[in-house]
Amino acid sequence: EDLNTVLDDNRILTLANGDRMPMTDNVKMMFEVETLVNASPATVSRAGIVFCAETELDWEAVYKAWVLTRPTDQQAILNNLREKWIGTCTPVAPGKAFEFL
């Protein structure tokens, strides 16, 4: 329930000892959880939930998104380096560098 006070419109974090800490507008919170088994319905209703199955999102999608943020002249170089040193990612093989590990 302490977390729910931050997720409410009043944005006040209530600690276990009863202390209350107001959160400013520039504070953003993001949580990565393995399961929502212990989350209350109130917490789930206040949070935006994005579900990504491990089989659907691999490292290559994250890498490609990052490359798109780089200057255009660097994108081809970065993709060539990835192909040479890391390899490509498939559902059965994560790439050369990860096979080495």
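Is tryptophan 66 buried, partly exposed or exposed? I looked that up to start: tryptophan 66 is partly exposed, at a relative accessible area of 41%. My cut-offs are under 20% for buried, over 50% for exposed and partly exposed in between, with a 1.4 Å probe and protein chains only.

Ground rules, for later me. The model is predicted, so I keep local features only at pLDDT of at least 70 and side-chain atom pairs only at pLDDT 80 or more, while totals for chains, interfaces and linings use all residues. Residues are numbered from 1 along each chain as its sequence is written, and side-chain values use heavy atoms, with hydrogens and water left out.

Entry: the aromatic pair. I found one aromatic pair in the structure. The ring centres of tyrosine 63 and tryptophan 66 are 5.9 Å apart and the planes sit at 45°, so I log the pair as tilted. For the record, rings of Phe, Tyr and Trp (its six-membered ring) pair if their centres lie within 6.5 Å; planes under 30 degrees apart are stacked, over 60 edge-to-face, and the rest tilted. Both residues belong to helix α3, three residues apart, which is about one turn of the helix. Tyrosine 63 comes out as buried, with 17% relative accessibility.

Entry: α3 against α4. Helices here are DSSP runs (H or I, at least four residues), and strands are E runs of at least two, numbered from the N terminus. I have α3 at residues 59-68 and α4 at residues 72-86, packed at an angle of about 155° with axes 9 Å apart. Axes are lines fitted to C-alpha atoms, for helices over the stretch in contact, and angles run from 0 to 180 degrees between N-to-C directions. The two helices are therefore roughly antiparallel (over 145 degrees; under 35 is roughly parallel, 65 to 115 roughly perpendicular, the rest oblique).

Which residues meet? On the α3 side I listed Trp59, Glu60, Tyr63, Trp66, Val67 and Leu68, and on the α4 side Gln75, Leu78, Asn79, Arg82 and Ile86. Contact means heavy atoms within 4.5 Å. The residues of this contact split into seven nonpolar, two polar and two charged (Ala, Val, Leu, Ile, Met, Phe, Trp, Tyr, Cys and Pro are nonpolar, Asp, Glu, Lys and Arg charged, the others, Gly among them, polar).

Entry: two residues from that list. Glutamate 60, in α3, is buried at 10% relative accessible area. Its C-alpha atom is 9.5 Å from that of arginine 82, 22 residues apart along the chain. Glutamine 75, in α4, is buried too, at 18%. Leaving aside residues up to four places away in sequence, glutamine 75 touches Val67, Leu68 and Arg70.
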